[in-house]
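Here is a walk through a multi-chain model with its ligands.

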Amino acid sequence: ADPLTLQLKWVTQAQFAGYYVAKDKGFYDEENLDVTIKPGGPDIAPVQVMAGGGADVTVEWMPAALAAREKGLDIVNIAQPFKKSGMMLTCLKESGITDPKTDFKGKTLGVWFSGNEYPFLSWMSHLGLKTDGGPDGVTVLKQGFNVDPLLQKQAACISTMTYNEYGQVLDAGIKPEDLVTFKYEDQGVATLEDGLYTTAANLADPAMEDKLVRFVRASMKGWKYAEEHPDEAADIVMENDETGAQTLAHQKFMMGEVAKLTAGSNGALDDADAKRTVDTLMAGGSDPVISKVPEGAWSHAITDKALK
Amino acid sequence: MTAGSVTTGPVVAARGVDLTFPTSDGPVHALKGVDLTIARGEFVSFIGPSGCGKTTLLRCIAALEAPTSGSLLVNGMPADDARRARAYGYVFQAPGLYPWRTIAANIALPLEIMGFSRAERQARTARVLDLVDLAGFGGKYPWQLSGGMQQRASIARALSFDADLLLMDEPFGALDEIVRDRLNEALRALWAQTGKTMLFVTHSIPEAVYLSTRIVVMSPRPGRIIDIIDSPLPAERPLEIRDSADFIAVAHRVREGLRAGHSYD
Amino acid sequence: MTAGSVTTGPVVAARGVDLTFPTSDGPVHALKGVDLTIARGEFVSFIGPSGCGKTTLLRCIAALEAPTSGSLLVNGMPADDARRARAYGYVFQAPGLYPWRTIAANIALPLEIMGFSRAERQARTARVLDLVDLAGFGGKYPWQLSGGMQQRASIARALSFDADLLLMDEPFGALDEIVRDRLNEALRALWAQTGKTMLFVTHSIPEAVYLSTRIVVMSPRPGRIIDIIDSPLPAERPLEIRDSADFIAVAHRVREGLRAGHSYD
Amino acid sequence: MRRALPVLTVLLAIVAIWYLAAAMMNAAWVRDQAARANQTVTTGQLLRETMSLERPVLPAPHQVAAGLWDGIAKQKITSKRSLVWHGWVTLSATLAGFAIGSLAGVLLAVGIVHSRVMDQSVMPWAVASQTVPILAIAPMVIVVMASIGVTGLVPKAIISAWLSFFPVLVGMVKGLRAPEAMQLDQMRSWSASRAQTFWHLRLPASLPYLFASLKVAIAAALVGAIVGELPAGASQGLGARLLSGSYYGQTIQIWAALLTAAALAALLVMALGLIERLVLRGMGLAR
Amino acid sequence: MAINLWLARIGSRASRLSVAAVFGLTILLLWELACRYFAIPAVILPAPSAIWASFTGNLPLLWGDFVQTILKGALSGWIIGALAAVVTAIAIDRSDFLQRGLLPVGNFVAALPIVGIAPILVMWFGFDWQSKAAVVVVMVFFPILVNMVAGLAATDALQRDLMATWGAGYWRGLWSMRLPAALPFLFNGLKITTTLALIGAIVAEFFGSPTRGMGFRISTAVGKLDLGLVWAEILVAALAGSAFYGIVAWIEGRATFWHPSQRRR
Ligand SMILES: Nc1ncnc2c1ncn2[C@@H]1O[C@H](COP(=O)(O)OP(=O)(O)OP(=O)(O)O)[C@@H](O)[C@H]1O
Ligand SMILES: Nc1ncnc2c1ncn2[C@@H]1O[C@H](COP(=O)(O)OP(=O)(O)OP(=O)(O)O)[C@@H](O)[C@H]1O
Ligand SMILES: Cc1ncc(C[n+]2csc(CCO)c2C)c(N)n1
Ligand SMILES: [Mg+2]
Ligand SMILES: [Mg+2]
């Protein structure tokens with residue numbers, strides 16, 4: 001079988017269920033592929049791993065990928081299993097925030113960095129808020145791995161994913177009524193999340209291109225299977241988690257939420273979504289994430305063949 | 001400062017003092033059945049072959065070593081209490097100067113510990129440095145001095161705080177004859193003026209005879225006392241006394257004792 | 001093993017040797033204009049007030065210190081080459097035994113370094129231990145020995161490898177008269193039998209006179225040679241020679257020199 | 001018993017302080033929760049609840065003990081939920097890193113003591129190397145190693161060696177220079193070669209320094225191994241365990257992993273202490 | 001390297017620095033060449049020239065990060081940790097009970113890996129520099145403690161005996177003897193932990209921080225693949241760390257001038 005390495009954006013969890021299902025259910029075997037799935041972690045840039053030759057394909061968010069392109073890394077989106085963004089800002093009701101336009105001023109907000117801060121920054125520049133901690137801006141905290149800053153009230157709001165951290169906040173015993181959430185989708189600043197990226201060099205190599213076609217086809221099969229069998233998918237993720245830290249209940253919750261985000265996608269990137277992502281990022285005020293409209297940052301070549 | 005001067009009994013009273021060092025290849029009998037009483041104001045020399053237990057006996061008196069058995073009182077109290085009462089000054093066989101202090105600071109250290117004022121410390125340091133002919137070397141560090149100079153610094157240190165009891169372990173071993181004579185005279189003068197009690201280990205028979213009111217001769221394996229000689233010499237002792245018949249007679253008796261202590265002789 | 005025995009010139013040839021130690025409070029003149037020639041088979045004693053530079057001179061000859069100026073040849077070569085050729089054995093002023101080695105292992109160390117076989121090492125160690133009367137203490141660690149015993153162990157160590165030139169810095173300072181006499185005799189016998197060259201620092205005038213063919217008297221500040229005395233005593237020297245008129249005359253001259261060296265006298 | 005009593009006393013004191021701290025630190029959350037539910041809590045309730053939270057700020061000792069028991073005793077040791085298994089993964093990287101690191105440290109120290117060029121050129125750079133924030137370059141090390149096909153234990157061992165060589169280097173340089181001038185002079189008087197001076201004098205004289213440094217180094221090696229497990233790829237080992245525990249806010253799991261790591265370090269340090277005592281006794285230095 | 005050999009032989013202060021510089025420049029040159037020759041992508045390893053450009057281009061930013069992480073986080077934590085370790089070491093040294101009770105438990109507690117503690121401490125002490133300082137305290141505590149405990153035991157028997165003869169109490173002996181004797185060990189610990197303190201402060205920022213600080217900058221810059229900035233921060237860390245180490249080493253030289261490892265000969 002042809003070997004192929006996939007670098008994930010984060011640790012093994014249902015966020016990546018499609019790939020684990022495809023591997024476990026033999027969809028990759030059917031395509032004569034031997035796929036190695038590498039879990040990610042904090043402070044590791046998947047595209048850097050790919051640039052170093054440690055992986056052939058990575059799961060990455062589009063803002064980070066476009067930023068990397070500006071740094072001269074020729075990476076290309078070849079498929080987009082996630083149709084919608086799962087990112088949101090979750091606030092304690094007692095912090096008194098109801099409307100982003102008026103209430104954020106002077107508050108402390110938790111944000112993920114390492115390439116995940118771009119959507120937040122462009123949202124803030126949409127709102128005209130400074131992020132330098134001044135009195136008419138917001139104070140930004142580099143949020144760690146978990147939701148503790150909210151629970152300990154070190155921040156008024158923290159970044160959460162619908163499918164993960166939000167569930168953790170609920171698990172911690174805070175009721176949805178006590179929370180206020182702002183989805184990026186609803187605020188009109190959503191950017192594309194988990195997509196599949198590879199290097200332009202790979203794309204130019206016909207043998208590699210063929211492998212990628214088969215990979216994307218099998219992966220999407222995995223995703224659709226996972227959407228339909230969320231419990232089984234969660235089980236498969238649990239089996240693949242080597243840390244033994246995940247709980248089945250949480251993975252089932254996550255699978256349920258992730259399915260809502262993948263639902264609208266057959267794997268092909270919607271140009272309009274990509275366009276909207278670019279617009280959001282370019283509007284980043286004084287310090288835009290990307291300075292010019294990217295050229296050739298995505299390609300339909302693979303999905304066109306895969307989905308035939 | 002110098003406690004113990006209140007009692008009138010013997011300064012040192014040892015009864016059947018035994019000391020055994022356990023070592024990996026069997027115990028070493030360093031002292032066996034030592035009986036010794038030393039009255040206030042005596043000048044007692046200890047002499048004996050190398051390894052016969054002189055240092056060990058002095059250490060017991062100083063409460064640096066605990067006898068395995070027997071009783072040992074210093075100034076009428078247990079040796080350890082006497083140590084805590086700062087009853088004595090001790091000149092060790094090796095100089096033992098602290099390398100991070102200058103010579104002057106080394107000498108001032110016990111004074112500091114005993115709470116002398118700064119001015120007093122300086123005065124005393126200067127005086128004893130002068131006494132051992134090291135004036136001008138107070139600012140040097142120990143490793144910058146010759147062996148004999150280090151030895152003298154250590155003597156100066158023990159003299160600085162005027163204890164009533166002085167324990168000196170071969171203090172003049174590394175000194176030349178001239179300095180030695182000079183220091184012998186100085187030490188005797190000091191003793192005569194102050195009425196201190198002196199316990200003095202030496203290997204030099206003339207030195208022992210010249211200085212002492214009593215000479216204790218020891219013998220090794222196990223370390224014990226084989227002779228105690230009361231000196232018939234007068235209190236007034238010019239250096240020339242060393243040619244007197246009395247002197248030579250005592251020296252002879254010491255030498256005989258010493259020789260007897262050497263099993264191989 | 002012992003190189004340098006091929007040449008026939010002087011063993012030590014010093015011309016105008018100067019040595020100054022820079023210290024934080026000004027330079028110390030340890031040696032000034034030292035001229036000295038020592039022929040093969042001589043027994044030379046160095047005597048002088050404490051701090052006059054005896055140790056420093058020995059250290060220069062051993063190439064442990066480099067003269068600030070002047071020339072110094074040992075066995076006809078620069079001192080450092082002689083050191084590398086293992087021309088000498090050195091007994092330091094302090095015992096300097098390694099605490100992690102037993103006495104026997106301490107003595108065997110230079111032998112080990114010079115590549116003697118195990119059997120040879122054992123034989124030599126036993127022999128020199130016996131010579132200094134420490135047989136039976138080979139298995140002890142240094143801190144289990146008395147000061148004099150440590151000193152003897154260090155002498156044994158320097159004798160073990162039979163160098164043609166022996167440098168000894170107050171080797172017998174911590175020993176009693178009897179042992180000292182015995183070791184004096186043994187040392188002279190060794191010297192007479194082997195024709196070694198001996199450089200010997202001592203503070204004891206009788207010892208210097210008894211042992212030496214030549215006596216070098218030094219004086220301090222700056223350290224220099226003030227007298228060199230050729231001994232008129234015969235080669236055969238029983239201990240009783242110390243009562244002879246010649247002996248007393250030489251001793252007197254040494255004492256005069258020594259006294260002159262003491263500025264305060 | 002004479003040895004156990006003080007240890008037990010101190011342990012008991014720590015546990016007591018720990019319970020107290022847990023009650024105090026967790027109380028705020030319990031009160032907040034009650035406020036959100038419009039309830040009031042009695043002190044007894046408060047105490048009981050602070051001891052049994054699922055996501056405590058500070059878990060109570062018995063909760064951690066339960067976590068440890070669950071991770072160590074209740075799982076098959078080959079199971080990925082077993083702390084023994086994860087501990088073993090970390091331990092092997094630690095030992096490998098420690099071996100490489102301390103060897104490198106000793107060798108560099110020997111070089112520095114004997115070569116002026118090395119003394120002047122290596123030390124500043126060794127210092128600089130330690131100031132490179134390891135967590136920052138750990139991902140790069142792992143990426144670079146992965147790109148040349150080296151994965152698994154080796155990159156972790158390298159990071160842990162990186163952290164552990166420095167204490168050994170500093171301690172050994174000091175220790176090898178510790179012999180008294182007179183002892184060195186003796187060696188010179190015997191015209192001992194550098195190697196002989198090293199084996200017979202410098203090395204034995206440096207041992208107290210060496211062991212003090214080794215104890216620090218092995219703890220550092222463990223930290224290195226754990227750091228090496230944090231970034232991408234590593235999904236086994238106590239580091240990965242800490243991370244995922246942290247990511248999912250499972251405080252008890254973090255503490256269980258933490259205590260396992262600390263126990264591991266303490267065992268390693270104790271083992272070194274034992275070796276130290278044996279060596280020093282063999283040399284007649286222990287009194 | 002030939003230049004280096006030559007420079008090393010000159011051995012003046014200036015040449016000492018240049019030896020290190022030549023060595024470093026050689027490495028930088030090789031690095032630059034490798035980057036160009038193998039066309040290593042800048043997102044994997046930027047060339048030194050690119051790093052330098054990034055460094056000079058971001059000076060105000062880097063200075064702010066330096067203040068936040070090193071002056072506020074690392075330095076305060078290091079000082080508190082060192083004080084705590086010294087005090088604990090003394091407590092352990094003072095009390096046999098603590099020695100047997102606290103040291104084993106202390107080993108255990110202090111061996112908690114910082115990467116595990118950092119998130120917890122961030123949770124406890126908040127996002128700003130206080131939590132970083134706390135991490136540093138935990139990190140530097142153990143190495144200093146271990147060294148200090150070893151140092152307090154580093155006096156020799158003679159030095160301790162002297163204190164005993166002066167009837168010095170525990171604190172007196174601590175201040176005048178054990179602390180000075182422990183200094184070489186203490187500085188060993190302090191030097192090792194200068195770099196640990198930096199690592200700790202930087203690493204702790206990975207677990208939560210305000211939007212400044214070196215760790216924050218590094219992790220966000222890695223996310224942006226701005227490797228030039230990452231390495232510029234590393235350069236700052238290396239410069240600061242070397243300076244920090246250099247200062248401590250300089251103080252060590254002043255404070256322990258008497259230790260054989262600090263004396264020139
Ligand atoms: N710590 C120790 N452990 C074992 N044996 C010891 C110890 N200290 C001394 N000894 C032994 O006790 C005996 C007496 O030693 P001591 O130091 O009292 O002799 P000394 O009379 O002072 O000799 P010297 O004149 O050589 O100084 C010696 O045989 C020595 O080996
Ligand atoms: N390392 C040093 N630094 C500074 N001065 C020194 C050093 N070594 C020796 N001196 C000085 O050099 C002079 C001569 O010292 P040396 O050790 O040679 O004397 P010595 O004749 O052997 O005396 P002693 O009989 O007391 O051993 C002394 O004044 C001493 O202070
Ligand atoms: C230090 C840190 N950096 C980035 C992320 C962001 N992140 C990476 S993958 C992912 C999806 C959620 O599971 C998210 C949000 C984080 N959580 N922690
Ligand atoms: Mg003695
Ligand atoms: Mg001398």
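This is a predicted model: local features need pLDDT of at least 70, side-chain atom pairs count only at pLDDT 80 or more; totals for chains, interfaces and linings use all residues.

## Who touches whom

As for bookkeeping, residues are numbered from 1 along each chain as its sequence is written, chains are lettered from A and ligands numbered from 1 in the order in which they are written, and side-chain values use heavy atoms, with hydrogens and water left out.

Some pairs don't meet. Chains A and C have no contact, and their closest C-alpha atoms lie 49 Å apart. Chains B and D have no contact either, with closest C-alpha atoms 10 Å apart.

## Ligand 1, between B and C

Which chains share the site of ligand 1? Residues from chains B and C surround ligand 1, so the site is shared between chains. There are 21 residues around this ligand, and T55(B), T56(B), Q144(C), S146(C) and G148(C) come nearest; a residue counts as near if one of its heavy atoms lies within 4 Å. By class, the shell holds 7 nonpolar, 12 polar and 2 charged residues. Here Ala, Val, Leu, Ile, Met, Phe, Trp, Tyr, Cys and Pro count as nonpolar, Asp, Glu, Lys and Arg as charged, and the others, Gly among them, as polar.

Now for the polar contacts (pairs of N or O atoms within 3.5 Å). An N or O atom in the side chain of T55(B) sits 2.5 Å from an oxygen atom of ligand 1. Chain C brings backbone N or O atoms: one of Q144(C) is 2.6 Å from a ligand 1 oxygen, and one of G148(C) is 2.7 Å from a ligand 1 oxygen. The protein covers 90% of the 640 Å² of accessible area that ligand 1 has on its own, using the Shrake-Rupley method with a 1.4 Å probe. β1 (12-23), β2 (26-38) and α1 (54-61) of chain B, plus α5 (147-159) of chain C, each supply at least two residues of the shell. These helices (H or I, at least four residues) and strands (E, at least two) are DSSP runs, numbered from the N terminus.

## Ligand 2, with chain E joining in

Ligand 2 is surrounded by residues from chains B, C and E, so this site is shared between chains too. Of the 22 residues around ligand 2, the nearest are S146(B), G148(B), T55(C), T56(C) and Q93(C). At least two shell residues come from each of α5 (147-160) of chain B and β1 (12-23), β2 (26-38) and α1 (54-61) of chain C. The shell's classes are 7 nonpolar, 12 polar and 3 charged.

From the side chain of K54(C), an N or O atom is 2.7 Å from an oxygen atom of ligand 2. The protein covers 92% of the 640 Å² of accessible area that ligand 2 has on its own.

## Ligand 3, between A and D

Ligand 3 lies between chains A and D. It has 13 residues around it, the closest being Q13(A), W112(A), N116(A), N164(A) and Y247(D).

Polar side-chain atoms of chain A reach this ligand: Q13(A) comes to 2.8 Å from an oxygen atom, and Q15(A) to 3.3 Å from an oxygen atom. W112(A) has a polar side-chain atom 3.2 Å from a nitrogen atom of ligand 3. The protein covers 98% of the 430 Å² of accessible area that ligand 3 has on its own.

Most residues other than glycine have a negative phi, and most peptide bonds are trans. A cis peptide bond joins R221(B) and P222(B), with omega about -10 degrees; P222(B) is in the loop between β9 (214-219) and β10 (224-230) of chain B. In chain C, R221(C) and P222(C) are also joined by a cis peptide bond, with omega about -5 degrees.

A63(C) isn't a glycine, yet its phi is positive, at about 60 degrees. A63(C) sits in the loop between α1 and β4 (69-74) of chain C.

Methods. A polar contact is a pair of N or O atoms within 3.5 Å; within protein, one must be able to donate a hydrogen and the other to accept it, and residues adjacent in sequence count only if both atoms are side-chain atoms. Contact means heavy atoms within 4.5 Å.
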